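Welcome! Take a moment to look around, and then we will go through a few questions together.

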Amino acid sequence: MDPIPQPIADILEFARWAPSGDNTQPWRFEIIDERHLIVHAFDTRDHCVYDLDGHPSQIALGALLETLAIAASAHGLRAEFRRRPDSPDTHPDYFVELIPASQLSPDPLLAYIKNRSVQRRPMLTAPLTEAQKQALQTTVGKFYAVHWFEGGSQRWQLAKLMYDNAKLRLTLPEAYTVHRDIIEWQARYSEDKVPDQALGLDKMTLKLMRWVMASWQRVDFFNTYLAGHLMPRIEMDLLPGLFCAAHFALLAHKAPETIDDYVAAGRAVQRFWLTATSLGLLLQPEMTPLIFGRYVREDRVFSRLPGAMETAANLGARLSRLLQNDAVERAVFLGRIGNGRSAASRSLRLSVGRLMNAG
């Protein structure tokens with residue numbers, strides 16, 4: 001492979017750290033010259049129950065484009081993106097032009113791109129300051145609003161929601177293959193998966209889970225007869241949901257409809273997350289209630305598990321009540337946030353060379 005020209009090589013070295021669901025990194029790069037490249041994106045809707053209509057992958061794509069723009073600013077370049085209109089939503093292509101802009105200052109969020117990560121373990125319950133919340137609201141601009149779930153009562157309600165949602169998530173046969181394929185066992189780091197040590201489980205639970213997840217038959221037996229989902233839900237959902245500063249929902253001013261809406265939301269999500277990192281805050285996405293809720297609202301069956309739709313409908317109604325006057329249809333991101341120790345285990349990323357488009 002020919003050497004990647006500068007400054008694109010440096011820019012992509014930062015851009016590759018953008019977050020994506022289960023560390024799937026649904027994009028590849030094609031270099032045209034030192035000022036132009038193409039991002040070849042794709043989604044996982046054909047085999048991942050969580051990637052409904054590819055929207056979560058499109059949010060991740062937006063995070064990638066925002067990260068690329070931030071990295072370009074360090075070279076005095078403004079990144080402009082143009083989606084190729086004849087590329088399908090399942091495989092959208094984005095032309096990227098890097099335009100010299102002498103008055104452009106390096107984006108202050110650049111320093112936090114490689115430090116940003118997911119913390120799935122409990123955090124401190126000390127509340128966020130008003131200054132922190134204002135900085136987070138300001139960074140997502142005028143098109144998004146942050147709805148906070150704060151205080152012991154609301155944290156409990158969100159923790160219980162995530163705990164009940166996890167039972168659905170961990171008992172779906174359609175989700176089993178996703179979970180099986182994205183975990184790298186006995187690993188602290190992973191370039192293209194989620195290392196098991198980052199899941200937030202203790203060593204004994206991890207050891208048992210690894211054995212159980214060797215087959216769906218084992219998973220189904222343990223869940224049906226031995227409440228095999230109970231400890232993972234407590235350790236991964238209930239306790240972390242209780243021990244944090246707050247949960248939050250990022251709300252668009254209008255419900256997203258097109259790929260461009262979801263990509264724009266992803267850009268806002270990445271700025272929110274990087275700003276949180278700059279404030280010394282940790283974050284964990286909590287997206288599955290939003291995904292299952294949309295399946296229900298659109299009356300789209302997502303599982304052969306009896307009662308799955310009814311359970312998802314109940315969970316969606318609970319989330320809507322918690323949002324009060326804010327319509328759940330406008331929620332593009334759900335998560336928890338707080339102070340604490342940085343994650344000792346995390347997903348890494350494929351190298352720029354491995355992310356180059358083979359075609």
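**A guided look at strands and cores**

Visitor: Which residue of β11 is the bridge partner of H247?

Guide: This is a predicted model, and its strand β9 covers residues 246-252, with β11 covering residues 331-338. Six bridges join these two antiparallel strands. In β11, the bridge partner of H247 is R336.

Visitor: Which strands stand at the edges of the open sheet of four strands?

Guide: The sheet's order is β5-β9-β11-β10, with antiparallel pairing. An edge strand has a single partner, so one side of it is left without a neighbour in the sheet. That describes β5 (144-150) and β10 (282-285).

Visitor: Is D93 buried or exposed?

Guide: D93 lies in strand β4, residues 93-100. Beyond its neighbours within four places in sequence, D93 is in contact with several residues, including I38, H40, R82 and S87. Buried means under 20% relative accessible area. With a value of 7%, D93 is therefore buried.

Visitor: How many residues does the largest nonpolar core have?

Guide: Among the residues with the most contacts inside this core are W148, L250 and F333. The largest nonpolar core has 67 residues.

Visitor: And how many residues are in the second, separate core?

Guide: This second core includes L12, W27, A41 and L110. A41 is also one of the residues in contact with D93. The size of this second, separate core is 35 residues.

Methods:
Residues numbered from 1 in each chain as written. Predicted model: local features only at pLDDT ≥ 70, side-chain atom pairs only at ≥ 80, totals over all residues. Heavy atoms only, no water. Core = buried A, V, L, I, M, F, W, Y, C linked by side-chain atoms within 4.5 Å. Buried < 20%, exposed > 50% of the residue type's maximum accessible area, 1.4 Å probe, protein only. Contact = heavy atoms within 4.5 Å. Pairing = 2+ DSSP bridges.
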